[in-house]
Amino acid sequence: MDIDLDIDGLNRKYGLENDLVFDLHPNGLVRANVQTNQCAGEFFLQGAHVTRYQPASQTHPVLFMSQQALYIPGKALRGGIPICFPWFNSHPSDPSLPAHGWARTSVWNLVQTQKVDGQIEVALGLAKDGFDLIYRISMGETLKVALEVRNAADVPLDYEIALHTYLSLGSIENVSIAGDLENCEHYDQLTQKLHEPEKQRIRFVQETDRIYYGQASRIVLDDPAWQRSIQIDSLGSQATVVWNPWIDKSKRMADFGDLEYLQMCCIETANVRQKSVRLAPGQTHTTTAEFQVQNTVTTNIR
Ligand code: TA6
């Protein structure tokens, strides 16, 4: 396969002048580069994996990518928005299968690219195990991602999904998460205990790995160090995973820096566990997350 020809072919068919350009990452993954007057971004065909998004208003990226991420075929990229599908964490019956399913390590097909009102809009497709997937990425003044799942089989299909978003932070110590999660019960994956709604902001003081159950239409991550907040609006999601590996787990992850837990947290728009999705033949369901950054200049009130 002449990959150079393929890259040229991709750019001829799907490139959008200098706004969307495909190239080959040195490790052989096909990469898309977005650069418009509204934002800069990046995604890979492997996993339909968004790895970079930075609106023009920001001096820091919105998505976190580990400096030790391994950009190699078949290996999930550490950061950005991995698509966990059709199962979350370990496979329910076969532990030999990859954690978080096959969507994030499969090569997706480009379906459509267009520029609409200054926004770059991309659709990618993948069909496997009776599922027909369409993933839509919109990059502009906001970032929106949406996974549409259709049951192409003639029997009902169950699936879990998590848009496993890594958000970039100034400093984990001062960060807090406000919004609908304050009113949701959560299951602590570390202690296997279910907790009532805490009715207060979520803060990080240790390894945190929680599944919040319920529709969290709006979540706001406040990051005082970078004087900004990231607003996450979701549709079609009945669960949200909140994760920070903290010190010990960071050291155990080969593709993650020992101190990188200080610069990130995951807020994952999801449908997992008792909120997994069952589709009848021909039925579809879409899970959407939209990210918008607001600058929040803190004034020192004397
Ligand atoms: O979403 C949180 C989580 O399930 C954690 O338990 C941790 O395993 C994380 O996902 C990362 O998983 P990965 O397979 O990408 O290393």
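Trainee: What makes E6 and E7 a pair of strands?

Mentor: Two strands pair if DSSP finds at least two bridges between them. Seven bridges join E6 to E7 (residues 119–128), so the pair passes that test. The two run antiparallel, and Asn109 stands opposite Gly125 in E7. A strand here is a DSSP run (E, at least two residues), numbered from the N terminus.

Trainee: Before we go on, what are we looking at?

Mentor: It's a predicted model, where local features need pLDDT of at least 70, side-chain atom pairs count only at pLDDT 80 or more, and totals for chains, interfaces and linings use all residues. Residues are numbered from 1 along each chain as its sequence is written, and side-chain values use heavy atoms, leaving out hydrogens and water.

Trainee: Why do E6 and E16 stand at the edges?

Mentor: Look at the strand order of the open sheet: E6-E7-E8-E9-E23-E19-E18-E13-E16, nine strands with antiparallel pairing. E6 (109–116) and E16 (202–203) each have a single partner strand, so one side of each is left without a neighbour in the sheet.

Trainee: How do you know that E1 and E2 pair?

Mentor: Same test: E1 (residues 20–24) and E2 (residues 30–35) share five bridges, in the antiparallel sense, which is enough because the cut-off is at least two. Leu24 sits opposite Val30 in E2. Their hairpin has five residues between the strands, and Gly28 takes a positive phi near 100° there. E2 also joins E3 (residues 39–44) antiparallel through five bridges, with three residues between the two in their hairpin. Asn33 has Glu42 in E3 as its bridge partner.

Trainee: Which residues surround the ligand?

Mentor: Among them are Arg78, Phe88, His164, Trp243, Lys249 and Glu268; a residue gets in with a heavy atom within 4 Å. By class, the shell has three nonpolar, four polar and five charged residues, where charged is Asp, Glu, Lys and Arg.

How values were computed:
Helices (H or I, at least four residues) and strands (E, at least two) are DSSP runs, numbered from the N terminus.
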